[in-house]
Amino acid sequence: MSYTAEWKTHVYLFEEEHTTKVRIELDTGTTHLTGHGTARCNPTDKDVPEIGDELATARALENLALQLKRTAYGDMAAAGTAPRHAPLPAYDLG
């Protein structure tokens, strides 16, 4: 069986006072998920916005991946094929 799909994502970055926040929106056509991540610059470190962007985005992607796994596991359970391992841990945004 062949199958092709296109999922759309949008990445939004916000920076204010040495804090970068990222929101990533995923639209699969049937499911809409939003991942969040935050990065804070230590006041004693050099302020390099690109590092905050990268770290906050990575954290938002991790958050989104965890939500997507939970969605998949819920769909598996609904189909009668629940996963055979422990539940996923809570995610810290930051």
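Colleague: Which residue stands opposite R23 in β3?

Modeller: In this predicted model, the residue of β3 that stands opposite R23 is H36. The strands β2 and β3 pair in the antiparallel sense, over nine bridges. R23 also lies over the face of Y12, at 4.5 Å from the ring centre.

Colleague: In what order do the strands form the sheet, and what is the sense of their pairing?

Modeller: The three strands form an open sheet in the order β1-β2-β3, with antiparallel pairing. Because β1 and β3 stand at the edges and have a single partner strand each, one side of each is left without a neighbour in the sheet. From one strand to the next, the twist averages 15 degrees.

Colleague: How does α1 lie relative to the strands, and what covers its buried residues?

Modeller: Helix α1 lies across β1, β2 and β3, and runs at about 145 degrees to β3. The buried residues of this helix are G52, A56, T57, A60, N63, L64 and L66, and what covers them includes β1 (8-16), β2 (19-27) and β3 (32-40).

Colleague: What span does α1 reach, and what follows just after the helix?

Modeller: With 30 residues, 49-78, α1 reaches 43 Å from its first C-alpha to its last, which is close to the 44 Å expected at 1.5 Å a residue. Just after α1, G80 takes a positive phi of about 85 degrees.

Colleague: How many aromatic pairs does a search of the whole structure find?

Modeller: A pair of aromatic rings is described by the distance of the centres together with the angle of the planes. Here, a search of the whole structure finds zero such pairs.

Key:
Residues numbered from 1 in each chain as written. Predicted model: local features only at pLDDT ≥ 70, side-chain atom pairs only at ≥ 80, totals over all residues. Heavy atoms only, no water. Helix = DSSP H or I, 4+ residues; strand = E, 2+ residues; numbered from the N terminus. Expected span 1.5 Å × (residues − 1). Buried < 20%, exposed > 50% of the residue type's maximum accessible area, 1.4 Å probe, protein only. Contact = heavy atoms within 4.5 Å. Phe/Tyr/Trp six-rings, centres within 6.5 Å; stacked < 30°, edge-to-face > 60°. Lys NZ or Arg CZ within 6 Å of the ring centre and 35° of its normal. Pairing = 2+ DSSP bridges. Axes fitted to C-alpha atoms, helices over the stretch in contact; angles between N-to-C directions.
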